[in-house]
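Please look at the sequence and the structure below before reading on.

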Amino acid sequence: MPRDFSRSHRVAEQVQRELAELIRDEVRDPRVGSVTVSEVRVSRDFAHADVYVTGLGMDAAESQVMTGVLNGAAGFLRRGLSKRLQLRTVPALKFHHDPVFDRGARLNQLIDEVVERKSED
């Protein structure tokens, strides 16, 4: 039976924290802007990590461009992680756009519309 806080979960959390700092401090591309690293999923052998990011204030097209830029900088970010983490193998990074924040904003908009219609009646 796996423990609640397995080693891969702890490594994923550490990678998430360090990546957020690295992107904020080291990535100078203006297409990246303000990025939230919402989740990191590390494979069991620590060879690969799927990183889910959201660009604050970006539409879907801008977020896709940002994700492409981060995938282009994945080697640079991996090298930065290797200096910060005490791991034998630093995972290869693959960035994905995380639509969770977009869905939340859309739900809030729909709720506001319903409340507005109720107040008009």
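Contact here means heavy atoms within 4.5 Å. In this predicted model, F95 is in contact, once its neighbours within four places in sequence are left aside, with L19, I23, V51, V53, T67, L70, N71, A74 and L77. F95 is also one of the residues, together with L70, L77 and L93, that touch the most other members of the largest nonpolar core, which has 27 residues. To this core α1, β1, β2, α2, α3 and β3 each supply at least two residues, and α1 gives the most, with six residues.

The strands form an open sheet of three, in the order β1-β2-β3 and with mixed pairing. Because β1 and β3 stand at the edges and have a single partner strand each, one side of each is left without a neighbour in the sheet. Neighbouring strands of this sheet are turned against each other by 25 degrees on average, when direction is ignored. The strands β1 and β2 run antiparallel and are joined by seven bridges, and V42 stands opposite A49 in β2. Helix α1 packs on the sheet, where it touches β1, β2 and β3, and the direction of α1 makes about 150 degrees with that of β1.

The residue ranges of the elements named above are as follows.

| Element | Residues |
|---|---|
| α1 | 7-26 |
| β1 | 35-42 |
| β2 | 48-55 |
| α2 | 60-72 |
| α3 | 74-84 |
| β3 | 92-97 |

Terms used
Residues are numbered from 1 along each chain as its sequence is written. This is a predicted model: local features need pLDDT of at least 70, side-chain atom pairs count only at pLDDT 80 or more; totals for chains, interfaces and linings use all residues. Side-chain values use heavy atoms; hydrogens and water are left out. Two strands pair if DSSP finds at least two bridges between them. Helices (H or I, at least four residues) and strands (E, at least two) are DSSP runs, numbered from the N terminus. Axes are lines fitted to C-alpha atoms, for helices over the stretch in contact, and angles run from 0 to 180 degrees between N-to-C directions. A nonpolar core is a set of buried Ala, Val, Leu, Ile, Met, Phe, Trp, Tyr and Cys residues joined through side-chain atoms within 4.5 Å. Buried means under 20% relative accessible area, exposed over 50%, partly exposed in between (1.4 Å probe, protein chains only).
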